[in-house]
Amino acid sequence: MLQRLYARMLEIAAGPHALPALLLVSFAESSVFPIPPDILLIPMILARPSQAWRLAALCTLSSVAGGLLGYAIGYFLFDAVGRPVLEFYNAMGRYDALKAGFDQWGVWIIILKGMTPIPYKLITIASGLVHFDLIPFIVASIVSRSLRFFLLAGLLWWFGDFAREFIERRLTLVTTIFAVLLVAGFVVLRYL
């Protein structure tokens, strides 16, 4: 069943609606959506290896634009939208520590956490909530998301056929690792 799903994802990834879907998911993931864009970016790069750098760039730009929405949610709409999102991730208890951390290490927090399985939307909303300076936020977001998506694109481009064969032969393992990393991001948020 996973093999058929994977084959269908590769087929969709090569289709005409893949890019708009990637941009939408990348944008929404940075502010409210729980699924990372990697789930679309990976099969798209495998289906179109010559487009790896373009896809990474577009995914980065869309993610940063979505990050600005997350920032605005924290800055202007925290009680109406931001608080429910942070409560969903059980992240409200760490607000004071986060604020102190942002005062001292804000740019590095955005860069490092934006590359991890920790949901990026939490960083964008928190940045707006603590009224972190907008220009350093944008620059740190571009650096963070570029590192994440271009590294992924580079690895898939470099190991293209090998990566595709590895994923196809070990699809259950790859899916499990991806799910574990995604869940780990949420677990880390609950217990740190």
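D38 and R148 form a salt bridge in which the closest N and O atoms are 2.6 Å apart; a salt bridge here is a side-chain nitrogen of Lys or Arg within 4 Å of a carboxyl oxygen of Asp or Glu. D38 lies in helix α3 (residues 38-47) and R148 in helix α8, so this pair ties together parts of the chain that are 110 residues apart in sequence. The model is predicted: local features need pLDDT of at least 70, side-chain atom pairs count only at pLDDT 80 or more, and totals for chains, interfaces and linings use all residues. Residues are numbered from 1 along each chain as its sequence is written, and side-chain values use heavy atoms, with hydrogens and water left out.

Both partners of this bridge are buried, a term that means under 20% relative accessible area, with exposed meaning over 50% and partly exposed in between (1.4 Å probe, protein chains only). D38 counts as buried because its relative accessibility is 9%, and R148 does so at 16%. Helix α8, which holds R148, covers residues 134-158. Apart from its neighbours within four places in sequence, R148 is in contact with P36, D38, G114, M115 and T116, where contact means heavy atoms within 4.5 Å.

Helices (H or I, at least four residues) and strands (E, at least two) are DSSP runs, numbered from the N terminus. Of the 192 residues of the chain, 42% count as buried. Among contacts between residues at least 6 apart in sequence, 81% join residues at least 24 apart.

How many salt bridges does the structure hold? The structure holds three. Side chains of opposite charge can pair when their charged atoms come close. Besides the bridge of D38 with R148, there is one between the side chains of K121 and E29, at 4.0 Å from N to O. This pair links distant parts of the chain, with K121 in helix α7 and E29 in helix α2 (residues 18-29), 92 residues apart. K121 and E29 are both buried.

E29 also takes part in a salt bridge with R145, whose closest N and O atoms are 3.0 Å apart. R145 lies in helix α8 and E29 in helix α2, so the pair ties together parts that are 116 residues apart in sequence. R145 is buried because its relative accessible area is 0%, and E29 counts as buried because its relative accessibility is 3%. D38, at 9% relative accessibility, counts as buried as well. Through shared partners, salt bridges join E29, K121 and R145 into one network.

Helix α2, which carries E29, also packs against another helix. The axes of α2 and helix α4 (residues 52-76) come within 7 Å and cross at roughly 35°. Axes are lines fitted to C-alpha atoms, for helices over the stretch in contact, and angles run from 0 to 180 degrees between N-to-C directions. The crossing of α2 and α4 is right-handed; a crossing is right-handed if the near helix is turned clockwise from the far one by less than a right angle, and left-handed if anticlockwise. On the α2 side, the contact is made by L19, L22, L23, S26 and F27. The residues of α4 that take part include R54, L55, L58, C59 and L69. By class, the contact of α2 with α4 has nine nonpolar, four polar and one charged residues. Ala, Val, Leu, Ile, Met, Phe, Trp, Tyr, Cys and Pro count as nonpolar, Asp, Glu, Lys and Arg as charged, and the others, Gly among them, as polar. The buried residues of α2 include A18, L19, L22, S26 and E29.

The loop between α7 (120-129) and α8 contains V130. V130 is buried, because its relative accessible area is 11%. V130 and D103 are 27 residues apart in sequence and 8.6 Å apart in space, C-alpha to C-alpha. H131 lies in this loop between α7 and α8 too. H131 has a positive phi of about 55° although it is not a glycine. Is H131 buried or partly exposed? H131 is partly exposed, because its relative accessible area is 44%.
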